Structures are given as structure tokens and as C-alpha cells.
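The following briefing accompanies a predicted model and is intended for reading alongside its coordinates.

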Amino acid sequence: MRLHSILYSELIAKDFSFASVRRRLAKEPFDSRQNQTRIRVSMEKGGLDSAGREFKNAEEMWREQVGEDQSKKTEWYRQGIGYWEGVEASANGVLGGYGHVNEPDIMGSEAFLNTLLSERFPDAANSQRHLVVLDCGSGIGRVTKNLLIRYFNEVDLLEPVSHFLETARESLAPENHMASDMHKAANFLCVPLQEFTPEAGRYDIIWVQWCIGHLTDDDFVSFFKRAKVGLKPGGLFVLKENIARTGFVLDTEDRSITRSDLYFKELFCQCGLQIYKSKDQKGLPEELFAVKMYALTTDLPKKAHRTKSKVQANRPGVIK
């Protein structure tokens with residue numbers, strides 16, 4: 001996760017606090033094709049890049065950044081990984097110099113997770129359910145070590161930056177981490193999101209925090225459609241990301257995009273996902289982007305049950 005505050009004073013009026021948080025606080029690009037079908041998002045407003053340049057809409061921005069040439073898209077991802085390969089494998093490094101954000105971040109996530117576990121997996125409280133979670137964009141294992149491994153029996157870590165993943169592996173080794181035998185980091189997967197397909201039916205929750213902004217919109221949709229198969233019945237996605245006030249903010253340094261709440265909701269619709277719950281993160285520095293947590297389900301929305309109108313129900317019968 002990366003938290004930059006530079007240029008904030010100049011661009012705050014245009015909704016840009018240059019706060020890209022590693023564990024990567026909200027970034028995700030749009031434009032690209034999936035099965036030759038362009039995924040379009042109708043933005044309520046245009047957006048900005050980190051130099052303050054304005055785009056009239058997301059399509060214009062993505063056309064410039066990745067176009068329709070696969071080589072440009074490949075370069076987009078190469079530069080994104082390259083940025084993080086130059087970052088120190090520490091909490092302060094992955095949080096962009098905002099290491100003190102770790103505590104409020106974990107506290108907010110834990111409160112949200114507790115609500116989800118009690119409502120969706122009540123049988124886990126008395127150890128009747130073996131809980132498994134996937135930590136996407138796991139970085140150095142910060143969220144796994146401070147939160148997930150305390151609640152889940154197994155945690156798989158997915159991270160494309162190799163030196164971050166090796167740090168996580170060392171930090172979460174049994175001899176270096178105080179965890180019970182019933183809770184462990186199971187697998188360390190050095191794979192980027194846009195190339196990952198999970199094992200079918202393995203996960204109760206797929207946790208995606210501060211990393212999705214590195215994907216183009218079509219890869220965003222493709223990832224969630226593939227990842228659905230990895231959920232157990234009743235399973236959830238948890239997405240925690242930076243939120244732009246309107247439109248989007250493009251970070252040209254680490255190749256990522258911060259989307260608005262509306263932008264995310266339109267993409268969720270493209271993915272066939274429904275919002276089960278959402279919550280704003282509290283306690284972060286004011287110069288940073290707002291952060292929001294979404295619990296997403298593949299369940300179809302419940303249809304409203306039709307009932308007879310009271311007028312008709314109370315109408316006296318006809319006496320013959």
C-alpha cells in the first residue's frame with residue numbers, strides 16, 4: 001500500500017490527494033478488451049492523473065494508457081510491478097511512509113470482518129467450520145499477520161512482488177510467528193491478479209485490499225468472474241480500497257487508478273456481484289483518500305414477495 005500526500009494542496013480542489021497506498025490503496029485501471037468486447041463504464045465525471053492533467057472520461061484515459069495493443073497493456077503491468085520492486089519490504093515501505101496507518105486500518109478491518117463472520121459463518125465460532133481465506137496483494141503479509149491468521153485456519157497469500165512475498169514467508173514461519181497449530185499461512189503464490197485462477201471451492205473469503213487499482217477494468221471484471229469459482233457456498237469477497245470523490249485519479253508513477261464509489265459499483269455490476277455490506281474506514285490522515293470496505297456476494301438479489309393488497313383482502317365476500 002502506498003500513501004503519498006504530495007501535490008495534495010494543489011489538487012485537493014480537483015479531488016486528488018496523491019495517496020496511493022501500497023497494500024496499494026485503491027488502484028485499478030480501465031480499458032482493455034475481454035473476448036474482444038470492450039468493457040465500458042459510464043463515468044459521472046472525468047478524472048485526473050498525478051500531474052493534474054484532466055481526462056474527459058475513463059475511456060479516453062485508458063485509450064492513452066493501454067490502448068488496444070497488448071504490448072502497451074503488458075508494459076502497464078510491467079511498470080507497476082517495477083515500481084514495487086524498488087520499495088523496501090517493510091510496513092513503512094508498503095504503506096508509502098505511512099506506517100502508522102497500520103493500526104487504524106487493522107482495527108477497521110477487524111470490526112468489519114467480525115460482523116461478516118457472525119452473520120455469514122456463525123458455525124465458525126465453535127470451530128464447526130474450517131475457515132480459509134485468500135489474501136490478494138498480500139505484500140509482506142501485513143494484513144495476514146495482524147488480522148487474518150487470527151480468524152482463519154488457513155491463509156493463502158497472493159503477491160506478484162517476489163521480495164515482498166519472501167518477507168511474508170519468513171515473517172509467518174511458525175518459528176517467527178505466534179499462532180496456534182489451528183491457524184497457519186498455508187500457501188505463498190507469486191502470481192499477479194490478472195493471471196490468477198483460484199482452486200475451486202477453497203475459500204470462505206477472498207480478501208482484496210489496496211491492489212485492485214493496478215488492474216485495467218476488463219481485467220478487474222475478468223478476475224472477479226474467475227475468482228468466483230474459488231468461493232465456498234455462501235463465501236464472500238471483501239474489497240478494501242481508496243475512493244475518489246468523483247470519477248478517477250490515475251497514478252502515473254506506479255500505474256494504478258483510484259476509482260469513485262460509483263465507478264466501483266458499475267464494475268461490480270459487470271462482475272455479477274452484489275454488495276452485501278459496506279463500511280467507511282475511519283481514523284486515517286485527512287490528506288489521504290477516503291477508504292471503503294465492500295463485502296460482495298455472488299448471491300442473486302432476493303425478489304420481493306408479492307402480497308395481496310389489504311383493500312382486496314378485506315373486501316367482503318359476495319353473498320349469493
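With a disulfide taken as a pair of cysteine sulfur atoms within 2.5 Å, the count comes to 0 disulfides. C269 is in no disulfide, and the nearest cysteine sulfur, that of C271, is 9.1 Å away. C271 is likewise in no disulfide, its nearest cysteine sulfur being that of C269.

This is a predicted model, in which local features need pLDDT of at least 70 and side-chain atom pairs count only at pLDDT 80 or more, while totals for chains, interfaces and linings use all residues. Residues are numbered from 1 along each chain as its sequence is written, and side-chain values use heavy atoms, with hydrogens and water left out.

**Exposure of the two cysteines**

- Relative accessible area sorts residues into buried (under 20%), exposed (over 50%) and partly exposed (in between), using a 1.4 Å probe and protein chains only.
- C269 counts as exposed at 60% relative accessibility.
- C271, by contrast, is buried, with a relative accessible area of 1%.

**Overall composition**

- The chain contains 10 helices and 13 strands; these are DSSP runs numbered from the N terminus, with helices being H or I of at least four residues and strands being E of at least two.
- Of the 320 residues of the chain, 54% count as buried.
- The accessible surface comes to about 14,900 Å², of which 50% belongs to carbon and sulfur atoms; accessible areas come from the Shrake-Rupley method with a 1.4 Å probe, and for residues only the protein chains shown count as cover.
- Among contacts (heavy atoms within 4.5 Å) with a separation of 6 or more, 74% are between residues 24 or more positions apart.

- Helix 8 (residues 217-227) is mostly covered, with 9 of its 11 residues buried.
- The buried residues of helix 8 include D217, D218 and D219 as well as F220, F223 and F224.
- A nonpolar core is a set of buried Ala, Val, Leu, Ile, Met, Phe, Trp, Tyr and Cys residues joined through side-chain atoms within 4.5 Å.
- The largest such core has 39 residues, of which C136, I206, I212, F220, F223, F224 and L239 touch the most other members.
- Apart from this core lies another, of 27 residues, among them I106, L113, L147 and F188.

**Strand pairing**

- Two strands pair if DSSP finds at least two bridges between them.
- Strand 13 (residues 290-297) is mostly covered, with 7 of its 8 residues buried.
- Strand 9 (residues 231-243) runs antiparallel to strand 13 and is joined to it by 7 bridges; within this strand 13, V291 is the bridge partner of N242.
- Strand 12 (residues 274-280) also runs antiparallel to strand 13, through 6 bridges, and M293 of strand 13 is the bridge partner of K279.
- An open sheet of 4 strands has the order 4-3-10-11, with mixed pairing.
- Strand 4 (54-55) and strand 11 (256-259) stand at the edges of that sheet with a single partner strand each, so one side of each has no neighbour in the sheet.
- Strand 3 (residues 47-49) pairs with strand 4 in the antiparallel sense over 2 bridges, and F55 in strand 4 is the bridge partner of G47.

**Salt bridges**

- Side chains of opposite charge can pair when their charged atoms come close.
- The structure holds 18 salt bridges, each being a side-chain nitrogen of Lys or Arg within 4 Å of a carboxyl oxygen of Asp or Glu.
- E75 and R78 meet in a salt bridge (2.5 Å, N to O); being 3 residues apart in helix 3 (residues 70-85), they are separated by about one helical turn.
- In this pair, E75 is partly exposed at 30% relative accessibility, whereas R78 is exposed at 51%.
- R150 and E110 form a salt bridge (3.0 Å, N to O) that links distant parts of the chain, with R150 in helix 6 (residues 142-151) and E110 in helix 5 (residues 102-120), 40 residues apart.
- R150 is partly exposed at 43% relative accessibility, while E110 is buried, with a relative accessible area of 18%.
- R259 and D217 meet in a salt bridge (2.3 Å, N to O); R259 lies in strand 11 and D217 in helix 8, so the pair ties together parts that are 42 residues apart in sequence.
- Both R259 and D217 are buried.
- K73, D218 and D219 are linked in a network of salt bridges.
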